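Subject: Structure handover

Hello,

Here is the structure we spoke about. My notes follow below it.

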Amino acid sequence: MNLLTQNAKMKKTSLENNAKIFNFSIPAYKTKSGKLTCPFADSCVKYCYAQKGNYVRFPKIQELMEEKYEITKQDNFILLMNQEIQKKRATHVRIHDSGDFYSIKYLIKWVDIATQNKNVIFYAYTKSIKFFKGSLSIPKNLKIIFSEGSKKDELINTLKDRHARIFKSVTELLSAGYIDASNNDLKAITDNKKLYTFCICVKYNIIILCCYINPFI
């Protein structure tokens with residue numbers, strides 16, 4: 001099966017950036033059997049886009065994400081993903097446009113994948129903040145963006161950590177100094193020497209999800 005896929009936004013961003021950007025998904029929040037895939041999700045559950053739209057409208061999509069979740073637990077997941085990355089000639093991989101790092105063991109698999117593919121940029125929005133605040137070494141080509149609305153928001157250093165925040169309007173977003181990058185998925189991980197912000201916006205009616213990036217990290 002195709003472990004890496006492209007949604008409309010990935011295709012658009014790939015064209016605009018002369019890149020090959022793919023995403024990897026597992027079920028949002030929990031599997032059909034009740035296994036939590038977003039163990040630190042809190043207030044975000046009620047508006048999670050991955051539990052709406054095409055994710056739930058088409059049973060086949062749900063089935064594929066369930067299959068991918070099962071594959072992540074296999075001993076050969078790292079090998080299979082490495083082969084997929086090489087086959088697709090990916091330049092960027094977004095980990096989890098649905099789901100999250102559900103365990104340390106699973107996160108370490110992605111750390112190993114990034115380490116073995118140093119020419120590929122990996123990035124992920126995550127509420128599993130606790131996993132990243134220990135002694136685990138994260139390779140430079142794995143960019144992590146902490147999403148507020150988790151059970152461990154107090155661990156986010158908003159002056160240092162890349163983080164996602166919800167605003168009620170674009171006006172409020174701009175007033176807070178955030179920039180709408182909803183049309184370019186890579187802006188949330190771009191380094192810049194000047195002190196300013198980027199954001200990723202996902203619109204749930206008037207809800208905006210934004211990402212702040214400290215240029216010095």
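Thr37 sits in the loop between strand 1 (21–24) and helix 2 (54–57); helices (H or I, at least four residues) and strands (E, at least two) are DSSP runs, numbered from the N terminus. This is a predicted model: local features need pLDDT of at least 70, side-chain atom pairs count only at pLDDT 80 or more, and totals for chains, interfaces and linings use all residues. Residues are numbered from 1 along each chain as its sequence is written, and side-chain values use heavy atoms, with hydrogens and water left out.

Thr37 has a relative accessible area of 0% and is therefore buried (under 20%; exposed is over 50%, partly exposed in between; 1.4 Å probe, protein chains only). Its side chain reaches the backbone oxygen of Pro27 at 2.6 Å and the backbone nitrogen of Lys30 at 3.5 Å. Leaving aside residues up to four places away in sequence, Thr37 touches (heavy atoms within 4.5 Å) residues including Tyr69, Gly99, Asp100, Phe101 and Tyr102.

Tyr69, Phe101 and Tyr102 also belong to one aromatic cluster, with Phe122 and Phe146 among its other members. Rings of Phe, Tyr and Trp (its six-membered ring) pair if their centres lie within 6.5 Å.

On the strands: five of the six residues of strand 3 (residues 121–126) are buried. Strand 3 runs parallel to strand 2 (residues 92–95), joined by four bridges, with Ala124 as the partner of Ile95. Strand 3 also pairs in the parallel sense with strand 4 (residues 142–147) over five bridges, where Tyr125 partners Ile145. Pairing requires at least two DSSP bridges between two strands.

Regards

Definitions and conventions. Phe/Tyr/Trp six-rings, centres within 6.5 Å; stacked < 30°, edge-to-face > 60°. Polar contact = N/O pair within 3.5 Å; in protein donor to acceptor, adjacent residues only side chain to side chain.
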